[in-house]
Amino acid sequence: MRQLSAVDTQFLNFETSTNVANIGGLAILAGRLTRADLLSLLARRLHLAAPLRRRLVSVPFGLDHPYWTEEGRIDLDYHVREIALPEPGTDDQLGEQVARLHARLLDRRRPLWEMYLVHGLAGGRTALYMKVHHAAIDGVTGAGVLAALLDTSPEPAEAAMAPDEEPEERIDMQEMIVRGVANVVLNPANTVRFLVNAVPHLDEIPVLSQLPGAGTVSQITRDLANRLSGGAAVPAMPRMAVPRTPFSGRITGHRRFAFVALPLEDVKQVKNAFGVTVNDVVMTVCAGALRQWLLKHDALPDQPLVAGVPFSLRTPGDEDEGNQVTMMITTLATQIADPVERLFAVRDAMELIKDRSSLAPARWIQEVSDMMPSALTGLAARAAFNLLAGTAGPINVVISNVPGPQLPLYVSGARLLAYHPVSVISDVSGGLNITAFSYDGSLDVGVIACREMVPDVWIVTDYLREALSELKLLIEQE
């Protein structure tokens with residue numbers, strides 16, 4: 001058995017009927033794929049995807065974080081489902097179906113994943129949608145799960161046989177309680193460690209960064225630490241006022257999902273022409289699309305939107321299967337009308353958080369999670385969400401860009417045409433999330449939103465396409 005980390009547990013604790021912590025992906029495949037093919041593939045390769053073989057075991061009285069236990073036999077008939085779209089099988093219909101599926105909570109009595117084979121897409125295509133609880137995977141481990149099911153040629157490779165292993169040692173309830181009590185006793189040390197490690201980074205922690213004097217306290221503490229250690233100076237974060245938008249506040253349990261494939265070559269042309277990074281271009285394209293959507297709804301703030309940008313904390317050789325992520329905050333320059341000026345403003349803001357991360361990686365999510373006794377984390381998470389739901393929130397939107405393989409991949413012989421991420425929205429992070437995944441010459445984007453806040457989510461994907469075209473046109477005119 002393996003115990004969940006404090007961060008893993010937080011993804012369980014914040015979940016309610018409306019705040020759902022599923023992450024997943026929508027794969028568009030050429031041709032047909034049968035459920036029998038999929039079941040056969042999973043039967044052969046499930047041993048390569050550890051997160052799909054585990055279920056939760058709770059500690060009595062919530063004294064400690066839960067454990068993962070290996071499920072002896074996975075009921076694939078339960079986890080793998082098959083549905084079909086009515087004619088004509090449009091992308092809009094597919095997005096609506098994915099939105100409904102993604103909003104449903106997973107059954108915590110079973111391994112925390114479901115897979116849906118979707119037939120009836122226009123053009124003879126098939127879709128494969130899969131969701132996994134965020135407590136089980138982050139972006140890196142999720143990529144590992146995906147890789148276990150994919151091949152680099154139409155002919156499926158022979159999977160390595162499952163190793164003959166001794167059964168995992170199972171911890172009994174009495175031992176769980178003893179460990180939980182010991183962790184409660186040791187928790188004050190975690191609180192002290194949080195105060196020591198987090199104070200220099202108060203200006204990058206959502207909510208705390210908005211407190212009067214947070215930036216000054218952070219800067220003084222960092223300067224003192226740098227003088228004592230002789231380390232490089234960590235640049236200060238600007239104070240970011242979070243404007244209220246139509247997608248701020250308490251979300252509902254309903255979702256909208258839209259997706260679009262953008263030419264990665266166009267992104268790279270913009271990158272090369274202006275001397276920026278691919279991620280800078282992606283962030284700027286998202287900023288341009290959000291600006292247009294807010295203008296359409298007569299809701300564009302005078303100040304820039306504030307985005308949460310997930311970063312992986314994994315280092316080479318880090319094989320920890322738990323969540324190893326943090327969230328950095330940055331401005332999006334949505335108040336700037338000129339697209340080139342907006343691009344450079346986004347680049348400058350992104351360079352600042354990259355410089356800070358390279359000098360002192362932000363681990364505030366881990367530190368805040370470790371600080372609180374496990375028995376109180378669920379109550380604290382829900383209380384924090386209730387408190388922040390009535391405000392503009394600590395950020396306006398989450399934007400993530402995940403690099404992927406630049407070669408064709410296959411699922412049981414069916415070619416993968418596109419892979420669109422389907423991520424998380426919440427009362428705290430805002431009712432809109434834009435996640436991009438680069439694959440085989442394409443930037444595949446998934447936009448998930450609260451249905452009541454952003455009912456016209458497909459317009460956002462139109463604006464993403466237009467924002468990239470606008471930047472490319474400026475290059476061609478020079």
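1. Basis. The model is predicted, so local features need pLDDT of at least 70 and side-chain atom pairs count only at pLDDT 80 or more, while totals for chains, interfaces and linings use all residues. Residues are numbered from 1 along each chain as its sequence is written, and side-chain values use heavy atoms, with hydrogens and water left out.

2. Six strands form an open sheet in the order 5-6-7-2-13-12, with mixed pairing. Strands (E, at least two residues) and helices (H or I, at least four residues) are DSSP runs, numbered from the N terminus. Two strands pair if DSSP finds at least two bridges between them. The edges are strand 5 (80-84) and strand 12 (410-411); each has a single partner strand, so one side of each lacks a neighbour in the sheet. Strand 5 runs parallel to strand 6 (residues 113-119), and five bridges join the two. Within this pair, glutamate 82 has leucine 117 of strand 6 as its bridge partner.

3. Another open sheet has the order 1-4-3, with antiparallel pairing. Its edges are strand 1 (2-3) and strand 3 (54-57), each with a single partner strand, so one side of each is left without a neighbour in the sheet. Four bridges connect strand 3 to strand 4 (residues 67-70) in the antiparallel sense. Valine 57 is opposite tyrosine 67 of strand 4. As background for reading such pairs, side chains in a regular strand alternate between the two faces of the sheet.

4. Pairings of strand 9. Which strands does strand 9 (residues 306-312) pair with? Strand 10 runs antiparallel to strand 9 and is joined to it by seven bridges. Here phenylalanine 311 stands opposite threonine 326 of strand 10. Strand 11 (residues 397-402) runs parallel to strand 9, with two bridges between them. Glycine 308 has valine 398 of strand 11 as its bridge partner.

5. Helix 1. Is helix 1 (residues 6-13) largely enclosed or open? Seven of its eight residues are buried, so helix 1 is largely enclosed by the rest of the structure. The buried residues are Ala6, Val7, Asp8, Thr9, Phe11, Leu12 and Asn13. Buried means under 20% relative accessible area, exposed means over 50%, and partly exposed lies in between (1.4 Å probe, protein chains only).

6. Salt bridges across the chain. There are 19 salt bridges, each being a side-chain nitrogen of Lys or Arg within 4 Å of a carboxyl oxygen of Asp or Glu. One of them joins arginine 451 to glutamate 96, at 2.8 Å from N to O. This pair links distant parts of the chain, 355 residues apart: arginine 451 is in the loop between strand 15 (442-450) and helix 13 (457-477), and glutamate 96 is in helix 4 (residues 91-102). Arginine 451 is partly exposed, at 25% relative accessible area, whereas glutamate 96 is buried, at 17%. Aspartate 266 and lysine 472 also form a salt bridge, at 3.1 Å from N to O. They too are in distant parts of the chain, 206 residues apart, with aspartate 266 in helix 8 (residues 264-274) and lysine 472 in helix 13. Aspartate 266 is buried, at 15% relative accessibility, and lysine 472 is partly exposed, at 21%.

7. A salt-bridge network. Asp75, Asp107, Arg109 and Arg110 are linked in a network of salt bridges. Between aspartate 107 and arginine 109, the closest N and O atoms are 3.0 Å apart. Arginine 109 is exposed, with a relative accessible area of 68%.

8. Backbone angles. Most residues other than glycine have a negative phi, and most peptide bonds are trans. The bond from glutamate 87 to proline 88 is cis, with omega near 10°; proline 88 lies in the loop between strand 5 and helix 4. Aspartate 298 has a positive phi, near 55°, and sits in the loop between helix 9 (278-296) and strand 9. Alanine 333 has a positive phi of about 55° and belongs to the loop between strand 10 and helix 10. Aspartate 298 is exposed, at 74% relative accessible area, whereas alanine 333 is buried, at 5%.
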